[in-house]
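This briefing goes with the sequence and structure shown here. Please keep both in view while reading.

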Number of protein chains: 2
Amino acid sequence: MTHPLDSFFGAMSDPTRRAVIERLASGPASVSELHAPHKMALPTFMRHLKVLEETGIVRSIKKGRVRTCHIEPEPLIAAQGWLAWQKEIWENRLDSMDAVAASLEQFKD
Amino acid sequence: MTHPLDSFFGAMSDPTRRAVIERLASGPASVSELHAPHKMALPTFMRHLKVLEETGIVRSIKKGRVRTCHIEPEPLIAAQGWLAWQKEIWENRLDSMDAVAASLEQFKD
DNA sequence: AATACACTTAGCAATATGGCTAACTAAATT
DNA sequence: AATTTAGTTAGCCATATTGCTAAGTGTATT
């Protein structure tokens, strides 16, 4: 997984990790707070967090014994950009197909 | 992987599969055409295609011995929607933090 | 000083993923 | 009818992923 999009999409393919992002979108939180809604063991959950950090979607600072996590929006924006790009190419093609179809209308009958 | 976004993001986390999508965005293609730029063995490549089909991002029709593949945009749009949603929540929060900061300005000194 | 809290590290097990080759089916082409 | 082409099926192997438990580290709290 060399390309940034590889790891970003990989990270977002897990529901636990998406839930963490959804939670962090509305503000920073500690590891325990993030873990609370999830049934899995803490070490398991921590590995999900680690994936998010390695991908650069989440950053964290430890103060005393509490690690506080927050979102880093750049990777998310990059992924959005890629999807938008695909959509654009694909829409342009469909539009031009419509245009061709329309230009052929004049030859009807 | 139950949620549609799980499989969508999972599918897009592989560079080969993203390349296929990029190719298909500009128009339908046969399995051989799609396979050509990739160094891997055909059966391996076919499994990538299968992942894309199972996720609903790609559909295909077989005519004679040729299978032609095309994009199904819905899953892509759904994913874009999710990302846009996250971004919106996150931006609203930052805006309101700005607002709070601004409203505190009057108490300066 | 002792205990509780908030992570953290190490290591195991099961399943998923991504690559391969070999062999097969069915549709064109010659 | 024989051969080539396009895709398919089956099965093997290595690594990655996702869950667990047990035990350890460092920081508050009592």
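The points below cover the DNA surface, a hairpin, a loop residue and the aromatic residues.

This is a predicted model, in which local features need pLDDT of at least 70 and side-chain atom pairs count only at pLDDT 80 or more, while totals for chains, interfaces and linings use all residues. Residues are numbered from 1 along each chain as its sequence is written, chains are lettered from A and ligands numbered from 1 in the order in which they are written, and side-chain values use heavy atoms, with hydrogens and water left out.

**Surface near DNA strand D**

- There are 21 residues around DNA strand D, and Arg47(A), His48(A), Ser32(B), Met46(B) and Arg65(B) come nearest; a residue is near a strand if one of its heavy atoms lies within 4 Å of it.
- By class, this surface has 9 nonpolar, 5 polar and 7 charged residues (nonpolar: Ala, Val, Leu, Ile, Met, Phe, Trp, Tyr, Cys and Pro; charged: Asp, Glu, Lys and Arg; polar: the others, Gly among them).
- At least two residues each come from helix 4 (42-55) of chain A and from helix 3 (31-35), helix 4 (42-55) and strand 3 (66-71) of chain B; helices (H or I, at least four residues) and strands (E, at least two) are DSSP runs, numbered from the N terminus.
- Helix 4 of chain A gives the largest share, 4 residues.
- Sugar or phosphate accounts for 60% of the atoms of DNA strand D within 4 Å of the protein, and bases for the rest.

**N and O atoms facing DNA strand D**

- The side chain of Arg17(A) has an N or O atom 3.1 Å from a phosphate oxygen of DNA strand D.
- For Ala41(A), a backbone N or O atom is 2.9 Å from a phosphate oxygen of DNA strand D.
- An N or O atom in the side chain of Arg65(A) lies 3.0 Å from a base oxygen of DNA strand D.

**Hairpin in chain B**

- Strand 2 (residues 58-63) and strand 3 of chain B run antiparallel and are joined by 6 bridges.
- Lys62(B) is opposite Arg67(B) of strand 3 of chain B.
- The hairpin has 2 residues between the strands, and Gly64(B) takes a positive phi near 65°.

**His38(A)**

- His38(A) sits in the loop between helix 3 (31-35) and helix 4 of chain A.
- With a relative accessible area of 18%, His38(A) is buried (under 20% relative accessible area, 1.4 Å probe, protein chains only).

**Aromatic residues**

- Phe8(A), Phe9(A), Trp82(A), Phe8(B), Phe9(B) and Trp82(B) form one aromatic cluster.
- Both Phe8(A) and Phe9(A) are buried.

Definitions and conventions. A polar contact is a pair of N or O atoms within 3.5 Å; within protein, one must be able to donate a hydrogen and the other to accept it, and residues adjacent in sequence count only if both atoms are side-chain atoms. Two strands pair if DSSP finds at least two bridges between them. Buried means under 20% relative accessible area, exposed over 50%, partly exposed in between (1.4 Å probe, protein chains only). Rings of Phe, Tyr and Trp (its six-membered ring) pair if their centres lie within 6.5 Å; planes under 30 degrees apart count as stacked, over 60 as edge-to-face and the rest as tilted.
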